[in-house]
Structures are given as C-alpha cells and as structure tokens.
Amino acid sequence: MVLKIVCFAGSLCLLLFGMKLMSEGIQRNAGQKLQSALAFMTGNRFVGLLTGCILTMIIQSSGATTVMLVSFVNAGLLTLEQSVGVIFGANIGTTVTAWIVALFGFNFKIEAFAIPIFGLGYVFTIVKRLKNYQGVGQALMGFALLFIALGLLKDAFQISPEHLDYFVKIQSLGTVSLFFAVIAGIIFTALIHSSSAMTAIVLTMASNHAVSWEFGAAMVIGSEIGSTIDSIMAAAGTKANAKRTALIHVMFNVATVVVALIFFEPFLDFIDFIVPGTIESNIIYHIAALHTCFKLLGTILFIPFTRQIAALTRKIIKDDKEEETSVYHLEFSEKTARETPETIVFNAQKEIADFTDVVVEMFDALQIGIKSIDERFIKEEFVTIERLEGYTNQMYEQLTHYLVRCSTLSISSQSQENVNLMIQISEELESMANGCLSIANQLKKAVEKEMPFRAEDLDRLLPYFELSRQLLQFIYKNVSKIERLSKDQFEFASELENQIDEERRNLKKIARKRLESGADVKAELLYLDIVRQIEKLGDRCFDLADDLEKR
C-alpha cells in the first residue's frame, strides 16, 4: 500500500510537471501574440468570453490565464468589466484538457508514442538551427510527460478491493459522501494548483472503478473552487481592481458550485441523458461531459450580469487611497514570473508607455515656459517639471531593476530582445527628462535674474523646440508599443533631426552677431545654452528612433 501511495505521488508530480512544461512551452513560443490579443480586446463581454476561452485552450491552463488577467488589470491594460468575460471564458477553455485525457488517455496506448514525442521535443530544444522553436519542443516534451504520467497514475490506482473498504464506505454515506467529495476536490485542487490535473485524476480513478459516478462528479465540481487559489495569490499586494478581478473569479466559481449542488441529481440525470451508453460502461465520458456542461451552464447563467458583478465587487473592495504622483512603485510579481513569465515582460511595455507619457508631459510644460518666460512659469510649470523629473528618476531606477530581473526569466528570444531594447529606451527617456529640467532651470534663471530676452528670440526658440517635440510625438506610438520604425518613418525622423541641427546653427549665428554688436553677454550666453540643451533633447529623440529602427 505504501508503495502504491509513493507511485501515486510520483505520477502526480510527473503529471503536474508535464502540464506545466506544455503550458510554458506554448507561452514561450506564442506568449507575446497571445497576450497582445488579451490586452487589446474590446469591452464586449462576448469577445472577452471568446478570448479567455481560446487563450486557455491554447496554453492549457486556466490558472495561467487568470494570473495573466490579474496582472493586466493591475497594470491598467484591461478594465474590471473586461476581465469578467475573460474569467468566464477561461473556465470553459480549461475543459479541453479533460477531453484530451478522456479521448486519448485511456482508449489508446498513447504512452507508447510518448517517448518518441518527448525525444522529438528534446531535439527542438538543443538544435541551434531550431532555436526559434524551443517553445514548441518544450510543449511536445510536456505533452509526452502528461500521457506517461496518466499511464502511471492508472497503474497506481489499480488497488485491490480489500484496500478500498474504507474509501467505499465513505462513498456510500449519501449526502455526507458528496460533502466529503466536494471538500476533497477543493483542498486537493488548491494543493496542486490545477483543476485540469484534478479532473485527470478523477477520470483515472473512475476508469479503474475507484470512485462512483456521483462521488467523482462531486469532486470535479469541488475542484472549481480550489482552482481560484492562483488568482487569489496573484492578487496579493496588487491594486484594488486586480483584487476585484480575483474576487470575481472566486464569486463566480463558488456561485456555480452552489447552483450545481442544489440541482445535483437533475444535473447528473441531464448528463446521463446527453451522453450515450450506460454510466458503468462510459463513466469517463460522463465525467468529461459533466465538467464541460457544468462550466457552460454557469457561464450562460451569469454572463448577462457582468456589469452588476463588477459593480458588486466595487462595493465589497473599496478604491485604493490615492497616492501622490511623486511616488512611483513597480512590483515584480514572483507568482506571475513563475506562472506566465512572458506577462512580466509585457507589463514592462506598459511601464515604458507610462514613462513616455511623463516625458511628453514635461515637454508640454516646458513649451509653455518657452512661450512666456515669467514668474508664473516658476510657480506652475517649473514646479511640475521638477516634480516629474524626480518621478522619472524613480521610474528609471525601478524599471531598470525590473527589466534586469526579466532578462533572467525563461522567455522567448523575441521577449529577450524586447527587454534589452526597453533598457535602452528607459535610459534615453531618463536623459530626456534630465534635459527638460536643465532647460527649465535655465528659464528659471532667466526670470530670477531678469535677463532681457527679445520677443523675436522667443519667437525663433519656440519653433525650434517644437521640432524636438514633434520628433518625440512622431515616434511616441512606436516607443509605447516597442515597435520597429519602418524605413519611411526612420527617414522622416532623420529629416526632423537634420532640421533641428540646421536651426541650431542659425540661432547660434544670430546670437554671436548680437554679441559682436555689444548685446548683453550673460543673456546671450544663457540663450545659447538653452539652444544647446534643446538640441540635445532632439538628439535623444533621434537616438530613440535609431534604437527602434535597429531592433
């Protein structure tokens, strides 16, 4: 008996590792595209439902989908209302695993092909020419281990009847046995962090007649609550909306379980009606069908109330206390890094977009200062620029640390390139923020010392600065999305850079002529310094364009 327990534990670990390897391999090969689809879906509840369903079917993990979802809501990439449909869809998508196990795990000797499949996957991971398909190889290896583990689990559950007396007695306790089954499903699923694996175990037990139809059904239903453990853990330390997303997952699953238990007998009769064959001869398909119908019916029941569900969570979980915009905080989620490492990289892109927004805001405030160098600039725009520059220092420091940690994760080569590029972009943005503050300090100095700037000088300075601002605005979208500049875009950026350089030369000539004619030396030198600083801003903007063109 002890040996059987040890074999069961080892088989279960192999099953979980195979599922994890398969999920990570698929995410590694297509993670960025899958997450882009999730992040930029519309607010339509049915599109969200379809997105969550397809994504979970592909990556074979509702836990990974919900962890990704909580992370995106926390980063502001998705709204709370959008997350509701995705949660419903993820629950449906996870039923695919049960059907794979039911269709192939017991009726075919697929474990005989598992070793060759594993070997093929391994070849994909070690051959240098196939380095872009390492995720595919990893997924194949995980798929093979999944069915090897199922074969071992089936053997582990072949226990003689005398050893099952106690287990049989529990199953014969009527309503009490169902309670035990639901609790067992909850606890065991929470421990192994996979409702799909739990369903596979129940199917294996049912195939060996270790559990009855009612007891197995109750365990599968209970696993629905246990599966919420991943979203709960992912929401720890996040913003209010991310916590609400996890709460929606818990509320939906608990409510679905309660409804299923209330109508337990009619529900089982319905499954028996739609599945051909008797329960005894076809119990595996009965359980797989119950797993699917259970989640489909729950979704049909609650999908009309997505807005009301979101509103209820807002009443339960209050809004975060507003923090001062001068304080920046970027948390590296270890849970998300383990479950969906590609999501960590994708979230960094959102932070780069926010970083760019702050720099654009500094440019706007600086433009106002150049239009009218006066006391109001010191009291308003200069204070804003100084505060935002301090904020960008924090962003640069924390984002760089975050990206360095991203580079150590098991991510695709494309994601690794994106991480390296984002490190360069954050350096350029920080330099631009410093440049804005330098120019603001020069303008402040001009006001405090009452430097006599001519109106025509400011009229020339403003279009000159506008060229740098135009260059930043032009590449803004590409920087925010980490997209490569096309040849035409880069040529246009080069043309703007050349215009900046030409205008700098013209302004310097004018200032030097005035110096030669006896103009105020301090004012002219300060003016030349501002011209030089603006030209540096243009250089930084063009460096960003160059980084994006070379990626």
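Visitor: Why does Glu502 count as partly exposed?

Guide: Keep in mind that this is a predicted model. Buried means under 20% relative accessible area and exposed means over 50%. Glu502 comes out at 39%, so it counts as partly exposed. You'll find Glu502 in helix 23.

Visitor: How far apart are Glu502 and Tyr464 in sequence and in space?

Guide: Along the chain, Glu502 and Tyr464 are 38 residues apart, and from C-alpha to C-alpha they're 9.8 Å apart in space.

Visitor: What makes helix 18 and helix 20 roughly antiparallel?

Guide: Look at the angle: helix 18 (residues 341-371) and helix 20 (residues 381-406) pack at about 160°, with their axes 10 Å apart. Angles over 145 degrees count as roughly antiparallel, and therefore this pair gets that label. Helix 18 also passes helix 20 in a left-handed crossing. Sorted by class, their contact has 19 nonpolar, three polar and five charged residues.

Visitor: Which residues touch the most other members of the largest nonpolar core?

Guide: That core has 72 residues, and the ones touching the most other members are Phe363, Leu366, Ile425, Met432 and Leu461. Helix 21 gives the most to this core, 14 residues. Nonpolar side chains tend to be buried together in soluble globular proteins.

Visitor: What does Leu461 touch, leaving out residues up to four places away in sequence?

Guide: Leu461 touches Ile370, Leu507, Tyr527, Ile530, Val531 and Ile534.

Terms used. Residues numbered from 1 in each chain as written. Predicted model: local features only at pLDDT ≥ 70, side-chain atom pairs only at ≥ 80, totals over all residues. Heavy atoms only, no water. Axes fitted to C-alpha atoms, helices over the stretch in contact; angles between N-to-C directions. Helix = DSSP H or I, 4+ residues; strand = E, 2+ residues; numbered from the N terminus. Parallel < 35°, antiparallel > 145°, perpendicular 65-115°, else oblique. Left-handed = near helix turned anticlockwise from the far one by under 90°. Nonpolar A, V, L, I, M, F, W, Y, C, P; charged D, E, K, R; others polar. Core = buried A, V, L, I, M, F, W, Y, C linked by side-chain atoms within 4.5 Å. Buried < 20%, exposed > 50% of the residue type's maximum accessible area, 1.4 Å probe, protein only. Contact = heavy atoms within 4.5 Å.
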